[in-house]
Structure formats: structure tokens, C-alpha cells
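Student: Could you take one part of this model and walk me through it closely? I would like to see how it sits among its neighbours.

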Amino acid sequence: MSTATEPAVPATPGRAPAPRAGVVRRFIEGDLASLRVFVVLGLIWAVFQFENNHFLTAENLTNLFLQITAVGLISVGVVYVLLLGEIDLSVGAISGLAAAATAVLNVKHGWSPYSAIFAGILVGLVIGVVQGFLFTRFGIPSFVVTLAGLLTWQGALLKVLGSTGTVNLTDPKVTGLANTFYSSTVSWIIGLGVIAIYAGGTLWAWRRRVSTGLADQDLRGPLTRVVLVSVATIGAILVVTADRGLPLAVLILLAFVAGMEYVATRTRFGRHVFAVGGNAEAARRAGIHINGVRVAVFGIAGSMAAIGGILASSRLLAVNQNSGGSDLLLLAIAGPVIAGTSLFGGRGSVWTALLGALVIGSISNGMDLLALDSSVKYMVTGGVLLVAVIVDALARRQRQAAGRL
Amino acid sequence: MSTETPVLALKGVSKRFGAVQALDNVDFEVAAGEVVGLVGDNGAGKSTLVKTIAGIYSPDAGEFYFEGKPVSIDGANAATALGIATVYQDLALCDNLDVVANLFLGREKLAGGLGTAARQLDEADMERSSADLLSNLAVSIPSLRSEVGTLSGGQRQQVAVARSLLGEPKMVLLDEPTAALGVAQTAQVLALIKRLRDRGLGVVVISHNLSDVFEVTDRIFVLRLGRREATFETASAKSDDVVAAITGARDRPTTNGNAGGGAR
């Protein structure tokens, strides 16, 4: 047991390849994937603005923001499921059923709007947890469990709506979710508050790194992020205040995106979600209760679907037999994938729910403005999705080639 | 060599998988500040023994004593809670997480404030501790924030070993720590194992490579067909005898002294 006889072996003969592999490659292969979405979004906006100069008006952009709130909220839950490397095909049906539950309880049974909304979200949560339990307990692929769920909850929707098939929403508290706009003053207070919180949090984290002795990082990175977020926030507030004001629905979406991004990246639970999605066996050996994480994630997906569904019904002022149907499910899954969340698990961010919904929503909105046929809309959206998935697969292959021995 | 109570002692441990008796009445012990080499041919039961100690498998029969006290190890968490850390052959790192996240996986540090579920990860503290730990162990990694999937095999192995130390364990199990490593990287990992011993840990090393085993261990424990075949003091052992015990040819004199080749 001689300490002295051990020469300090010089470490790392084979360093990892330097990350300066050229901006273009990083752009394609994932390092700068989030930037990629912004470029795509910018291109889409430029094309539509060129074709129809009404596209980038405050009114149309506010409409666009409102159009994406429901699908964006559902996508927030889908991102968590995708991070696990799983899929949830039932979120559309859950959103319809939860909205129907809220509507029926509120309108037909006279529940207060708050308890009806709470009950609707609870429906989504319970369904998600049950599906997660079936998935983990019996080892059935999530694809199949949630496909069964899709059919079951669509049937349940028809049952809940009863013979009339449509429930109109009249309660101002429920319809107000999607139809409330804040005045300019309130909008600016909220916007500046967001900037202050973000800047404060970023600088606090940076100072903490410095005080812990990790001062290697210079201030330019955090400052750049603060400036970008500030510019984006101020820009968005300028747009919405030029029209009807900041919509409550958009505020709800942004709050959930920011909150769930916090959970995903800053909390122990979120870290465990990434770990299970990256290497479930490693996560299990690290003592993580992986089935608990999975059930919780499906519960989140169900809850977010319910919230999105209730908001959609508030916008439509009704729940009908088509609620949560049509292409809602597919767009809610396609959005995060288009914006860079991997279908293979372990990679992605909650922001992709928002960005993906913006991309898809912009295509849809722009084509409506150009009075193009739905056929074109679907095909273009399909093409964008296909390209996004191909890029994801290429990036994954590239990582495997570079990462492994 | 420490003669006090062993950190871990197993008495009469058996484990059966269907028709295969993977472990048959095995006694095993490791002391603090001791490196025990666990060797045996393929299918001798080495990995089963390690996984039983680590709580992955529950034994069909047998007793466990941790620091002299009888214990039962139900699940990986129980083993970790006792102070038994395991580094697996297939590494068990998450390629999509960075070095810091992997080191602290399952025991993340939390900052103050908010409720328990919403508590923020203390990234700065974890990164600081990671830097200290890795520099203590003389492990060099390009960046603590690089994804583990981008590291070389040797770096990944060192991260895996370093991770096992964060829980302040009393003993560490290493399953094939030098498999698939080049010469220089093997030397780094072996030096790391000696540092673990010097920290007073009980270390169990499974290896196919007898030259590595002779270089780092104090005692060599040979499993054959699920049974304890022999134990050797490394200082006085001859590799021929170890090879003979592994292959079951103890009474047949071996003429070839090449230990590394004999372990195949």
C-alpha cells in the first residue's frame, strides 16, 4: 500500500473531438438545434409576409398566438413523454374528454367554474396515471396503451356529452380563459416582470457560480441570454398591445412552458426524466425509481392535455363530438419534434412545445390567409415534420459515430 | 493487511437461475483497505456474485454481514445505503447527460428555497464537488459540462469509478474496470483503484486480465462453476496456480507461465 510509488499517470491521451467543428455542422447536428427552429420560423414568416402583407400585423400575430395555445399546452406534456423515449397517442382524446367533463359539470350540473375546471384537469391526471401504470405494470408498449386510450376516451367523450352531442359554454369564467385581454399597462407590467425575474435568476446563478469558485465562465453568455429574452419579450408585448392586449390564454401557455421547463431542467425530477430517457438501466442502477418517473410523466401528459382541451373549448365556446379529435393529437406530437425534441428520448426541451406550435401554427395561419386549400396545408406540415425527423435521426447517428468508441 | 472485522462477509450464498446453479454456497469477505480480485472463467458466477452484493439479485440462500452485523440487501438502494458502491462493466452512464449530472445521478444536491419537490438543483455546488473529486482522483476530463457520450472509453470508466465514491461508500465493486481499455487508460484506472484502497475502502475487482489482477490486488478469490475454488494472497501467489484454479486443472501441472493468456 504505497502511495509514493504510483506515478501520476498523464491523463487523456485521446481527447474528445473539439466542439469547433464548423457552425454549419453544429447547426445541422444538434448543437445549435434550437437556433435552427428560429431560422425556419423566420423563413416561414418572411415567405408569408411577402405573399400577404397582412401576415405580420399585430392583429394576425395575436390571432396566431391564440391559435397555438391549446396545442402548445398539450405539447408541453408530450415533450415529457418524448423525453422518456415514449409516445402518448391519447392526449387528443384526453383533451376532448376533460373539456367535456368540465363543460357538463359546469353547465348541466351547475358546478362552479373553478371546481369544474379542477375536475376536468383531475380527469386528465387520473387517465394519464392509469395509462402510465398499465404501461409500467404490464410492460405493454406505451404506443399500444395510449392507442387503446385514444379509442376509449373518444367513446367516453360521446358518452359524457350525451344525446345532444354539443354543450355550449356560457359561464364567463370559463369562456374568459381564452377571451380575456389585458390592458397595455398590465401587459407591460407583466412583460417587464418576466424580464426582471429572468435577468435576476440568471445573474443570481452566475454570481453563485463565481462565489463557488467556478468563475471560469465569463458574463457574456448570461448577458446575451438576458438581452435575447428581453428583446423577445418586449417585441411580443409591443405586438399584442398594438392589438387587443396580452391574452390571458397566451400568458397561461407561457407560464406552463416556463414552469415545466424549470421542472425539466432545474429539479431532481426533471433530471431523472432525462436520465430514464437516456439510459433507463443506468437510471435504475443509480437508485432512481424509474417506473415512478414514468407514471408521473404520463400523469403530466394527461394533465397538460386536459388543460389544453379546456382552453380549446373556451376558445370555441363549446364542447362537441369533434373536440380533441381531428389532427390535434398529431400536431401536438409533431410540434416538439419539428422544434428539436428527439423521438428517441433523452434530448429536448419544453420550449420546443412552444416553438413547434409556432411553426405549425404559422404555416396553418399563413395558408389560411392565402386562402390555400387544406390539402396543401397538410402536405406542407407533413413535409416539415419529415425533414425535422430526418435531421433528428441524422444527428443521432452522428452522435453515435462520434460518441462511442 | 487488516485483520479486524471485514467490511462485508458473505456466508453460504446460493443463487439459481432455472437449471443453472450460478452461485453454490459461496463464502466471501473483503476487509477495509484491501483489494480483492474476483476471477473465474466465463459463467463462473462472478457477475452474479457482484450483482447479489449490489442488491440487483436477491440470493436464494445465505447470510450477509456488513461490518460484522447481519444485514439483508433488498434492492440497489439498500446496498447503496449500507455503503456498497458498484461500477458495472457496461458502465451504466447516461450518454445524454453531462459529467456532473452523471456523477450525481440519483443523489442530486438541492439548493434551498421553495418546497421539496420544486427545489432547484444546486448545479454550482455539484460542479464544484465534481471538479474537486476528479482532481483528487487525478482524473482529467475535457469539460465537466460535456456529455458523457462524447468521452473516450477510459474517461467514461474513470467517471463511472469516480461516481461510485460520491456516496462515501465503505466498499466498491468494480466489474471488469479495464475491459476494452488501451494500455495508458488501463494504467490510469489501476492507479485509481490503488487510490481507492489507500482511502481505506474495501475494493472488489472482477477481471479477466490476470496481469491487472496481480498488479492491484491483495488477495485473489477464484470462482469456478459457482463455487469458491481457491483464494490466494497475491504477494505469494503464482499465476500458474491461479490459472489452474480458474480452469479446474489444479492437479495438472501447467508449463506456460503466461498468466494473461491463460485466463481466456
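Tutor: In helix 5 of chain A, the buried residues are A116(A), I117(A), G120(A), I121(A), V123(A), G124(A), L125(A), I127(A), G128(A), Q131(A), G132(A) and F135(A); buried here means 20 or more other C-beta atoms within 10 Å of a residue's own, exposed means 12 or fewer, and partly exposed lies in between, with C-beta atoms placed from the backbone. This is a predicted model, where local features need pLDDT of at least 70 and side-chain atom pairs count only at pLDDT 80 or more, while totals for chains, interfaces and linings use all residues. Residues are numbered from 1 along each chain as its sequence is written, and chains are lettered from A and ligands numbered from 1 in the order in which they are written.

Helix 5 of chain A covers residues 113–138, 26 residues in total, and reaches 37 Å from its first C-alpha to its last, close to the 38 Å expected at 1.5 Å a residue (the expected span is 1.5 Å times one less than the number of residues). Helices are DSSP runs of H or I with at least four residues, strands are runs of E with at least two, and both are numbered from the N terminus.

What do those buried residues pack against? Their partners are helix 4 (91–108), helix 6 (142–161) and helix 13 of chain A, where contact requires C-beta atoms, placed from the backbone, within 7 Å. Just after helix 5 of chain A comes G139(A), with a positive phi of about 65°.

Helix 13 (residues 290–316) of chain A also meets helix 7 (residues 172–179) of chain A: their axes come within 7 Å and cross at roughly 95°. (Axes are lines fitted to C-alpha atoms, for helices over the stretch in contact, and angles run from 0 to 180 degrees between N-to-C directions.) That contact joins V174(A), T175(A), L177(A) and A178(A) of helix 7 of chain A to L311(A), S314(A) and R315(A) of helix 13 of chain A.

Technical notes:
Contact = placed C-beta atoms within 7 Å.
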